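Here is a short tour for someone meeting this protein model for the first time. Have a look at it, then read on.

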Amino acid sequence: MRIVFMGTPAFAVKSLEACLSLGEVVAVVTQPDKPRGRGQEVSFSPVKELALARGLPVLQPVKIRGTPFAEELRALGADVAVVTAYGKILPQDVLDAPRRGCVNVHASLLPRFRGAAPIQWAIAAGDQKTGVCLMQMDAGMDPGAIIDCAQLPI
């Protein structure tokens with residue numbers, strides 16, 4: 001299976017590692033490098049660090065919507081895109097680029113806490129459990145069908 005992986009923070013690294021064990025990762029898409037820390041030195045995202053260590057092609061589009069990025073993805077011939085904490089809402093043309101669409105690894109027990117910061121919201125709400133769901137992506141903020149979930153105590 002040909003996979004495009006899209007993710008940025010440390011939370012997404014395990015998902016990229018899983019993809020590497022499941023198929024051929026043809027490209028990794030991550031947010032552009034930016035200044036971090038007190039010294040504001042430009043540094044790579046944790047996902048980019050792993051991708052480079054594994055010799056994978058890395059794409060870092062500044063903008064996705066209204067650009068030819070979906071065509072770049074389509075040209076990779078991916079069967080699926082796996083998205084974990086990428087950091088942007090994907091437009092429909094990007095969601096449609098892989099042959100079987102895109103799936104999202106989301107850090108909550110959907111439908112609770114769709115969108116950003118789901119782990120923090122679960123803790124703030126006093127939840128006793130949280131988890132991770134794999135879902136089919138549709139346009140919008142996590143509205144797609146849930147494929148599977150795993151839960152764990154907080």
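## Two packed helices

Helices α1 and α2 cross in a right-handed way; a crossing gets that name if the near helix is turned clockwise from the far one by less than a right angle, and left-handed if anticlockwise. This is a predicted model, in which local features need pLDDT of at least 70, side-chain atom pairs count only at pLDDT 80 or more, and totals for chains, interfaces and linings use all residues. Residues are numbered from 1 along each chain as its sequence is written, and side-chain values use heavy atoms, with hydrogens and water left out.

α1 covers residues 13–22 and α2 covers residues 46–53; they pack at about 30 degrees, with axes 9 Å apart. Angles under 35 degrees count as roughly parallel, so α1 and α2 are roughly parallel to each other. On the α1 side, V13, L16 and E17 meet P46, V47, L50 and A51 of α2, where contact means heavy atoms within 4.5 Å. Sorted by class, that contact has six nonpolar, no polar and one charged residues.

A pocket here is an open set of points on a 1 Å grid where a 1.4 Å probe fits, with protein on both sides within 12 Å along at least five of seven lines; lining residues have an atom within 4 Å of a point.

Its lining has 15 residues, with S15, V105, V132, C133 and L134 nearest the centre. α1, β7 (102–106), β8 (129–136) and β9 (146–153) each give two or more residues, and α1 supplies the largest share, four. By class, the lining has 13 nonpolar, one polar and one charged residues.

Most residues other than glycine have a negative phi, and most peptide bonds are trans. Q40, though, has a positive phi near 55 degrees, and sits in the loop between β3 (34–36) and β4 (41–43). The L110 to P111 peptide bond is cis, with omega near 15 degrees; P111 is in the loop between β7 and α5 (118–124).

How values were computed
Axes are lines fitted to C-alpha atoms, for helices over the stretch in contact, and angles run from 0 to 180 degrees between N-to-C directions. Angles under 35 degrees count as roughly parallel, over 145 as roughly antiparallel, 65 to 115 as roughly perpendicular and the rest as oblique. Ala, Val, Leu, Ile, Met, Phe, Trp, Tyr, Cys and Pro count as nonpolar, Asp, Glu, Lys and Arg as charged, and the others, Gly among them, as polar.
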